[in-house]
Amino acid sequence: VQLQASGGGLVQPGGSLRLSCAASGSMRSINTMGWYRQAPGKQCELVASVTTGGNTNYADSVKGRFTISRENAKNTVFLQMNSLQPEDTAVYYCNLIQALRAYWGQGTPVTVSS
């Protein structure tokens, strides 16, 4: 399985960005896709995840600001990030879990700064 992420960049505080991640390869019908992030000097943390059935999970720090969604037919997951703050600055990684295995995409940097 390969994951290709896109959509990071530089944005001012209060702005928005949308991340996308497309999965290809041997996909199972049941899986969980999500986004993790790692800020400088901090541990990697789960931002949000969504199952093929549409169940979502969010970190408390992003609830109400970020929305995760997916298009199962295209094996693609999105992360809509609104009201971005400097503390959201990090490298964001796409993740897929299926059959007890985890796959990772390349990181896409998000910088929130004025």
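Biologist: Which residue's ring does the charged end of R18 sit over?

Modeller: Quick heads-up: this is a predicted model, where local features need pLDDT of at least 70 and side-chain atom pairs count only at pLDDT 80 or more, while totals for chains, interfaces and linings use all residues. Residues are numbered from 1 along each chain as its sequence is written, and side-chain values use heavy atoms, with hydrogens and water left out. A charge sits over a ring if NZ of Lys or CZ of Arg is within 6 Å of the ring centre and within 35 degrees of the ring normal. At 4.1 Å from the ring centre, the charged end of R18 sits over the ring of F78.

Biologist: Okay, and what kind of aromatic pair do Y36 and W104 form?

Modeller: Rings of Phe, Tyr and Trp (its six-membered ring) pair if their centres lie within 6.5 Å, with planes under 30 degrees apart called stacked, over 60 edge-to-face and the rest tilted. A search of the whole structure turns up one such pair. With 5.0 Å centre to centre and 65° between the planes, Y36 and W104 are edge-to-face.

Biologist: How many residues apart are Y36 and W104?

Modeller: Strands (E, at least two residues) and helices (H or I, at least four) are DSSP runs, numbered from the N terminus. Y36 belongs to strand β4 (residues 32–38) and W104 to strand β10 (residues 101–104), so the pair links distant parts of the chain. The separation is 68 residues.

Biologist: Is W104 buried, partly exposed or exposed?

Modeller: Here buried means under 20% relative accessible area, exposed means over 50%, and partly exposed is in between (1.4 Å probe, protein chains only). W104 has a relative accessible area of 46%, so it is partly exposed.

Biologist: Let's talk charges. Which residues are linked with R37 in a network of salt bridges?

Modeller: A salt bridge is a side-chain nitrogen of Lys or Arg within 4 Å of a carboxyl oxygen of Asp or Glu, and the count comes to five. R37 meets E45 at 2.7 Å, N to O, and D88 with the closest N and O atoms 3.0 Å apart. The residues networked with R37 are E45, R65 and D88.

Biologist: How far apart in sequence are the parts that R37 and D88 tie together?

Modeller: R37 and D88 are both buried, R37 having a relative accessible area of 5%. R37 lies in strand β4 and D88 in the loop between β8 (76–81) and β9 (90–98), so the pair ties together parts that are apart in sequence by 51 residues.

Biologist: And which residue forms a salt bridge with D60?

Modeller: D60 counts as exposed, at 66% relative accessibility. With the closest N and O atoms 3.1 Å apart, the partner of D60 is K63.

Biologist: Which cysteine is joined to C21 by a disulfide?

Modeller: A disulfide is a pair of cysteine sulfur atoms within 2.5 Å, and the count here is one. C21 in strand β3 has its partner in strand β9, 73 residues apart, and both cysteines are buried. The S to S distance is 2.0 Å, and the partner is C94.

Biologist: How far from C44 is the nearest cysteine sulfur?

Modeller: C44 is partly exposed, at 39% relative accessibility. C44 is in no disulfide, and the nearest cysteine sulfur, that of C94, is away by 12 Å.

Biologist: Last one: which residues does Q12 touch, not counting those up to four places away in sequence?

Modeller: Q12 is found in the loop between β2 (9–11) and β3 (17–24), and is exposed, with a relative accessible area of 55%. Contact means heavy atoms within 4.5 Å. Beyond its sequence neighbours up to four places away, Q12 touches L84, V112 and S113.
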